[in-house]
Amino acid sequence: MEILRHQDPIELCIFMPSLAPYDAMATHVLELKAALENVGLSTNLYADEIKKEMRGEAIPFKRFRLKKPSRSRYMLYQLATGSNMVRHLIDRVEPLIIQYHNITPRSEFVRWDPGISSSMAWGQRQLEVLSKKAALGLAVSEFNARELVSATFPKVAISPPLIRSLDLVDSKRAYDVGEFKLLFVGRLAPNKGHEDLIRALAIYNGAFDKKAHLHLIGQTVVQGYVDYLHDLVVALGLDSWVHFSHGVSDQELSIEFASAHAYVSASKHEGFGFPFVEAMRTLTPIVAVASSAIPDTVGNGAILLVDNDPINMATAWSMVLSDNVLRNKLIKNGISVAHKWNLKDAISANLAALANVVPIPGIGLAPLFFDAGLELDRNFGKS
Amino acid sequence: MGAIHHFIPTLLPGDGSGNAARAMQHRLVELGAESLIFVQEDKADLGLPTFDSYPGYANKDDILMYHLATSSAIPSYLRTLRQDVVVNYQNLTPPNYFRPYNAVAAAFQERGMAELRLLADQAVMGIAPSMFNLKDMINAGFSVVEQSPIILDPSDFMGAGDAQASKMLYDLSDKGFSNWLFVGRLVPNKAQEHLIMALAAHREIYGDTAVLHLVGRPTYYGYTKALYELTKSLDLLDRVNFVMGVSPAELAAFYTMSDIFISTSEHEGFCMPIVEALFHGLSVIAYDAGAVPETLGIGGIHLDDRDPITIASWANRIMNSSELRNNLAELAAARTNQLSPRSTIARFDEVVARLLKLTNRDWSLDFDQPSSLVRNYDEFGARFQATGQHS
Amino acid sequence: MKKTESNNSSTTKGKVDLDTSSERVLEYLGQSDATLASPDAVDSAAAAFVLEIQSSIEHEVKELRSQGKYPPSLIARVNSYYNSLLPLGAASAAKDFKEAFWIADRVAYIDIDVPTASKKPGVSLVKRILRLMIAWYLNYVAQQFNNFTSNLMRLITIIDQRIVTLEEKLEATDFRHLELLDKTASIEVLAVFAESIGELVGDSSGRILVAECGTGEMLEELRRKGVDVYGIDERAALLDSLETRRFDVRDSTTLFHLHKLEDSVLSGLIVAGIVDRGTIAERVKLLHEAKRVMGQGSTLVLACSGITRYADASNHMEYDLSLGRPFSPDTWIELLKRLEFSHVRSISSETSDDYLVVASNTKASSGGLTYSSFDEANVNLDEAR
């Protein structure tokens, strides 16, 4: 019996609701799949919705639903939104692991778009449903890990996201003649705080001689929010200083990073914050509001602001843009922080975290971030 | 006839919530009901069944009592059962106390709160040792709630005092120090820093004549370190005794040999150590917060703030007036009597009767059956009185 | 059993002794230091770097403000666009409420009339039969849901009524008239007393706030004495000119600014304007907030207009637009005493009938130590290592 099971190859099935190109989660999943295959696991990727460009990468989920249960199969579900996959997965007998990429709290969206906000509430609900079934929760940051603990996952481990770095390009910093370029990359959704960047830009350009352009790159999520941003830009007379773009290729994005003088953020909610790592890697100093997972991600590689106060923000920008000593220190710190998130280490960390449930040959166990059993020990015991 | 079974995450000898569950189980068996304790994990190897083995014992008429003092896997298990559920809410600490020291522990407490709300839908009744906790239960959505104070089982802390600990405390008295005592884990909601500051104030005003014994396990690194740093900066390291864990005999020695019990805790669901201190006739000074005012009752001095000078001057006055000390001892005895098993068991019986009526169980329980807990208590009490007079 | 137990414990010598207390704590801390994972000990150098930059930003902001880089009028203009353009329910939402409410009400009801039309032959019939068969189930679910949402809508309606009532009350009291008045009596009152107030608070070591600083005479006097002083006012033109004179000034109303301050941060507080023109509630609130934001032993100065100012024609507009009757010195003194200020007294001017009310703040002992100061103790220990 033992021998028979040993010969059965371990199969790990990864599930994600939607597989689309230029998507950080897709990158993560594909890298993880390759890494698991490398250590000899049979790995399949299933998705409910597969975009045209990604057709060869994944198997439609409906085909999995017909599979017979297997003792050597493990399931890994990538959670970032509500999906119809969940109700099938919780009915399966195979051990289930959740990798949690964060769900933006509904409150950030409800006043802009109740429709989108209810899909977040759905995700939140499913997170709790899954916690009852999951053998392990994997979180991409400590911030996420704490959310998994609150959602009653019995065991939680940290598994950093797998980031495929952009090619480094040698581009001249744009606007070299007396103007700066600030960059922010993130979907146009209210939790990203674009309006706070625009407000601070109005104050910065009002106060300092050498003015700055703000480049905002990201897809539209909430139309009403985008309309508001455009109105705000016009009202503040910043038409020629704020630039929106979306659908940029990897190469174009590399150029954007390479040509920016600083990466700025007022985001109120990030599950991890991939672009921050990209900024540090491309030697772009960061000024960000310290919210959610951002402090964990950037460490001392950024100026962290305590809130969205526009005067503090504009001042911090001017310090980064004009003080070369500070600038170099941030860049130097940034390089070592970015290195912490390198692909190789992140892959090892993911495998070690998974090994808490999945028997992966030759991989040691990562320590758990949280274990409900140990926490019970802490709460009981003699005085 | 079904049974009234107990579910509790863990049961350790000497732990407050475990003792409370055991006393209830003990009484239910005396009443003629079948009653077992199921745990999530049998950490102390007491041979108790785990909660997921319950189906082997199940009867559809069973009533299941869950003792909630922390987050555990049991509430979601109970959700899957059709038996009637009762919750005994022993207390959770609000997460904000832990957040600065351990964000994960705080999230764990939040989970416990969520489980209390979850159980509110399902439970036929909620029980809590104090009105303070009952309010939490009502806020969580319980519609039927009953107070049932913790049943005191003096055998837990009434053993012979440990000789060496007794001698240490006696020697301190002999050198002219008064022994201040607080019993409870080193956790932020118990706010031991106020005791240390009161001791500092006492030394400033009345001289170096008191020692503070903090009996309790350290729980959070950051908080323990802060207490230690505070003690050090007030130059009190040789006057504050961090007792990091005790045997029952040592605990008995601390209760027997100390002079004053002082609590500056901010959040308690019942505060058993106060009852234990009253039982030993100590003068009790306590800050009125959480369930403390209910538990202390007429038995001691209530403070509405924690000004170190106020605490120090009360302690000084108590130490310098044998008349005050005697009066407080009398009040403590009176309060102990109110909280004695005779009355708490009568109250528990009422709650059980109400529960059976509420759930339409026509079981014939023998409520006239005297309790061995009462008998134990009376015997221990008598022996204690005798030794007390002797010394 | 008991016996062996106590014997055991007496062999582990001094396990609960006072003499060995420190050893026990240090042993525990040593173990935990080694075994507890990183969360507590996240690279403390990195944390220090972040804090250091944050404080240098504060410093830089102060410097830039005093250089007039951030004229309050610019900030006010930017913020007004920022707030006024927010859509549906996000900011000044009274007018949007009705629209949002009707949208919510429309979607708050679900029916069970599932469409059954189909292009494929026969499918429509199947769908109709299916609908018929599960109607009992859908009905039950829909009823519960609709019952829930109707109650929710009722709750929202009630909350709206309560808020509207509240808004009406607020409109009656929250009239920002100061912007209309370039000149107020309080400016002259502060000028009259600048020197004597300077003597009262001139040797303070911490920050002093001048609330409704006007044309800046008081700021000037205190800066001359080397005091760390800043001012607030609502009149953008006055503020801009003060900034170019390198004063640290902010655009805010007195109560709003005090409300935003942390406990015990001010070493002195000088208030003019609101003491003449505020409602009774505002003036009482002022004293409560002052009590909170001022440190132990710091000085509160209320600069009040004398009665002849009310008769002066040049001040008529100011007082016509104000809400409350002026207080006499005795009323102020009584209120301050009740709030446990000490050394409460009034000082009258030799040249006018204006007067000052001066008081010293006493703080009830709250036990002092807060959790944040524990954290500081931790950080200090880290540094010591």
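In which helix of chain B do B:Glu350 and B:Arg347 both lie, and how many residues apart are they? Both lie in helix α13 (residues 341-358) of chain B, three residues apart, which is about one turn of the helix.

This is a predicted model, in which local features need pLDDT of at least 70 and side-chain atom pairs count only at pLDDT 80 or more, while totals for chains, interfaces and linings use all residues. Residues are numbered from 1 along each chain as its sequence is written, chains are lettered from A and ligands numbered from 1 in the order in which they are written, and side-chain values use heavy atoms, with hydrogens and water left out.

**Salt bridges**

A salt bridge here is a side-chain nitrogen of Lys or Arg within 4 Å of a carboxyl oxygen of Asp or Glu, and by this rule the count over all chains comes to 43.

| Pair | N to O distance | Relative accessible area |
|---|---|---|
| A:Arg92 and A:Glu94 | 3.1 Å | A:Arg92 12%, A:Glu94 2% |
| A:Lys181 and A:Glu256 | 2.6 Å | A:Lys181 4%, A:Glu256 16% |
| B:Glu350 and B:Arg347 | 2.8 Å | B:Glu350 47%, B:Arg347 24% |

Residues are classed as buried under 20% relative accessible area, exposed over 50% and partly exposed in between, using a 1.4 Å probe and protein chains only. On that scale A:Arg92 is buried and A:Glu94 is buried, whereas B:Glu350 is partly exposed and B:Arg347 is partly exposed.

A:Lys181 is buried, and A:Glu256 is buried. A:Lys181 lies in strand β8 (residues 180-185) of chain A and A:Glu256 in helix α10 (residues 250-259) of chain A, so this pair ties together parts that are 75 residues apart in sequence. Helices (H or I, at least four residues) and strands (E, at least two) are DSSP runs, numbered from the N terminus.

**Helix α13 of chain A**

Helix α13 of chain A (residues 310-322) has 13 residues and reaches 18 Å from its first C-alpha to its last, close to the 18 Å expected at 1.5 Å a residue, where the expected span is 1.5 Å times one less than the number of residues. The helix is mostly covered, with 11 of its 13 residues buried, among them A:Ile311, A:Met313, A:Trp317 and A:Leu321.

**Domains of chain A**

The domain assignment, which comes from an automatic or database source, divides chain A into domain 1 (2-163 + 343-379) and domain 2 (180-340). The C-alpha centres of domain 1 and domain 2 of chain A lie 30 Å apart, and the contact (heavy atoms within 4.5 Å) takes 20 residues from domain 1 and 20 residues from domain 2.

Between them, domain 1 and domain 2 of chain A bury about 1700 Å², 72% of it on carbon and sulfur atoms; buried area is the accessible area (1.4 Å probe) that two parts lose on being put together, summed over both. A:Trp112, A:Phe143 and A:Ile163 supply 33% of the area that domain 1 of chain A buries against domain 2, more than any other three residues. The count of salt bridges between domain 1 and domain 2 of chain A is zero.
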